[in-house]
Amino acid sequence: MARLEVNIGALKMKNPVMTASGTFGYGLEFQDFVDLKGIGGIIVKGTTLKPREGNDYPRMAETPQGMLNCVGLQNKGVDYFCEHIYPQLLPTEGNYIVNVSGSSPEDYAECAARVDALEHIPAIELNISCPNVKDGGMAFGVTCAGAASVVKAVRKAYHKTLIVKLSPNVTDITEIARAVEAEGADSVSLINTLMGMAVNIEKRCKTLSIGTGGLSGPCVKPVALRMVYQVAKAVKIPVIGLGGISTAEDAIEFLMCGARAVEIGTANFLDPAVTIKVRDGINDWLDKHGVADVNDIVGAIQ
Amino acid sequence: MKKYILDLTVRSVERVHERYVLIKLTQQDALPPMTPGQFVEVRVDGSASTFLRRPISINFVDKEKNELWLLVATVGEGTKTLAKMKSGDKLNCVLPLGNGFTIPCGRIVGHRMLLAGGGVGVAPLLYLGKLLKEQGVDITFLLGARSAKDLLMLSEFEKYGRVLVTTEDGSMGEKGFVTNHSVLQKESFDMIQVCGPTPMMKAVARYAREKDIECEVSLENLMACGLGACLCCVEKVRVDGDASSTVTKSDGDASTTVTKSDGDASSTVTKSDGDASTTEATNVCVCKDGPVFNIKRLLWQD
């Protein structure tokens with residue numbers, strides 16, 4: 001049994017396997033399939049200061065080895081989360097992290113401040129990279145100044161571990177990573193979805209309601225891996241890798257490229273028990289290769 | 001109801017029509033409880049272009065033979081691959097998902113119900129008919145198709161109630177759509193349950209509204225996870241509508257009452273002021289809040 005514990009700043013996790021926001025609900029939807037306590041970190045749905053209905057249907061298109069979505073941050077708002085959802089999470093003893101989104105630095109900061117007050121939420125992941133809403137999200141994540149402004153505002157309001165989720169839809173992701181590190185982010189997670197599009201040639205129309213959507217699934221993995229590798233070399237804070245991970249071997253690739261932990265997203269739709277399988281698979285791989293501690297393979301590829 | 005990931009064994013694959021196959025599945029242990037109108041997310045192995053699972057409604061559960069039947073329309077690569085399975089093959093299923101049709105509790109002898117179906121939409125009505133018959137309900141199936149050869153499993157339906165048909169070419173039963181059938185003018189029903197193409201369900205819903213008859217429809221919005229996590233399959237429902245049906249849901253053993261949600265907050269309707277969408281409607285997941293909805297909850301007006 002290898003040692004699997006990893007730390008992201010002050011955030012302690014039993015193992016490096018996390019769930020990606022928007023792919024695992026609040027964890028409760030998966031209780032019949034996995035022991036939520038066994039997952040390193042559960043990142044819940046994107047949460048905003050005010051409730052959001054999200055975009056119109058259709059929101060999804062299947063693609064080769066992946067899918068596009070344009071959900072658009074549908075959620076009931078942070079107050080609803082604190083009052084109604086948070087109490088339901090406590091009995092599961094899961095390690096919950098809230099993904100926070102907004103449309104202005106003030107919005108983000110206010111939302112983060114309310115989550116800061118929740119005793120059993122040790123971290124937030126700041127979503128500055130949602131490609132599916134017009135009035136925010138990715139608008140901040142694609143420039144150094146925009147990203148820095150959000151992180152600066154949130155850093156003042158939030159006192160626990162602050163993870164910033166980066167957009168791959170940029171020219172140089174390492175610049176953005178450095179900008180958020182300079183403003184006090186404790187960690188960066190990457191990549192969010194790649195902006196894409198699908199069309200229906202019979203109806204001669206766009207498949208998704210808003211035309212474009214975020215691409216996820218195994219098809220994005222090589223892009224994600226390259227970006228994680230680059231960012232891990234560019235910053236000193238821990239990096240969380242995600243993008244197309246569906247097996248323990250995929251996860252190990254990200255760890256070797258410099259990720260301290262990984263998030264599993266779209267693969268949860270194909271196998272609701274995938275998180276635990278990846279955790280166990282990492283352990284088996286480490287045992288088989290005589291590695292005593294998962295941290296020893298982080299950044300193994302120079 | 002507890003959900004499972006099961007590798008079921010294919011007992012037979014029967015081609016019941018040029019575009020439909022009936023797949024009968026079993027396993028060593030007793031199959032878990034399932035209710036009519038619920039569905040299964042099946043993993044399609046061996047089709048490179050099929051990434052996501054395919055949601056297939058439960059056609060029938062034969063408890064004596066420990067069989068689950070899936071009636072599959074072979075419309076795309078995924079379902080065509082399913083149709084090629086052989087006896088003894090394994091099919092990975094996540095089940096049972098969603099909420100089924102209302103089954104009046106207790107033996108309500110003389111309660112008259114109309115079960116209307118079109119195309120592959122007839123699938124869930126078979127198991128529904130069986131359980132309703134056990135409750136003493138007087139059942140009329142009204143099944144529509146393009147022509148006589150497109151009517152599926154008629155002899156099975158005849159075991160549980162009177163079967164009336166319409167065909168668009170008049171080759172069997174009355175000519176036209178199900179809503180043109182004379183029985184709708186001659187007789188009255190206490191409740192209608194429908195599954196079929198959306199225009200057909202809307203037409204039946206219109207009739208039910210005019211006659212003030214309780215009516216449930218089964219939606220099949222495009223979905224990814226089937227668990228209420230990805231928020232892709234949303235349908236707008238009324239916030240102020242009568243969300244709760246007066247009849248209790250039953251899991252088919254007529255003993256247990258199924259609650260509509262397992263505690264997740266996403267099934268609760270709230271008003272939104274977070275974006276520009278209408279304030280009297282909210283998005284819910286068809287996979288988790290449905291797929292069966294009372295028409296009073298839907299925004300269908302046409």
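1. A crossover is called right-handed if, with the strands pointing away from the viewer, the path from the first strand over the helix to the second runs clockwise. In this predicted model, that description applies to a β-α-β unit of chain B made by strand 11 (residues 191–195), helix 5 (residues 198–211) and strand 12.

2. Strand 11 of chain B and strand 12 of chain B run in the parallel sense and are joined by four bridges. Within this pairing, Met191(B) has Glu214(B) of strand 12 as its bridge partner.

3. Strand 12 of chain B has a further partner, strand 15 (residues 292–294) of chain B, with which it pairs in the antiparallel sense over three bridges. Here Val217(B) lies opposite Phe293(B) of strand 15.

4. For chain B, the domain assignment gives domain 1 (4–97) and domain 2 (112–218). Taken over C-alpha atoms, the centres of domain 1 of chain B and domain 2 of chain B are separated by 24 Å. Contact between them involves 12 residues of domain 1 of chain B and 11 residues of domain 2 of chain B.

5. On the side of domain 1 of chain B that touches domain 2 of chain B, the elements that give two or more residues are strand 1 (4–17), strand 4 (54–62) and strand 5 (67–73) of chain B. Strand 4 of chain B supplies the largest share of that side, with five residues. By class, this side of domain 1 has eight nonpolar and four polar residues, and no charged residues.

6. The contact between the chains draws on 39 residues from chain A and 32 residues from chain B. On the side of chain B that touches chain A, strand 13 (234–238) and strand 14 (281–285) of chain B are the elements that give two or more residues. The residues of this side of chain B comprise 14 nonpolar, 10 polar and eight charged.

7. Chain A contains an open sheet of four strands in the order 5-6-14-11, with antiparallel pairing. Its edge strands are strand 5 (60–63) and strand 11 (194–197) of chain A, each of which pairs on one side only. Direction ignored, neighbouring strands of this sheet are turned by 35 degrees against each other on average. Strand 11 of chain A runs antiparallel to strand 14 (residues 212–216) of chain A, and four bridges join the two. In this pairing Met195(A) stands opposite Gly214(A).

8. Leu255(A) belongs to helix 7 (residues 248–256) of chain A. Leu255(A) counts as buried because it has 24 C-beta neighbours inside 10 Å. Leaving aside residues up to four places away in sequence, Leu255(A) touches Pro16(A), Val262(A), Val294(A), Ile297(A) and Val298(A). The C-alpha atoms of Leu255(A) and Gly299(A) are separated by 6.3 Å, while the two residues are 44 residues apart along the chain.

Key. Residues numbered from 1 in each chain as written. Chains lettered and ligands numbered in written order. Predicted model: local features only at pLDDT ≥ 70, side-chain atom pairs only at ≥ 80, totals over all residues. Contact = placed C-beta atoms within 7 Å. Nonpolar A, V, L, I, M, F, W, Y, C, P; charged D, E, K, R; others polar. Domains from an automatic or database assignment. Pairing = 2+ DSSP bridges. Axes fitted to C-alpha atoms, helices over the stretch in contact; angles between N-to-C directions. Buried ≥ 20, exposed ≤ 12 C-beta atoms within 10 Å, placed from the backbone.
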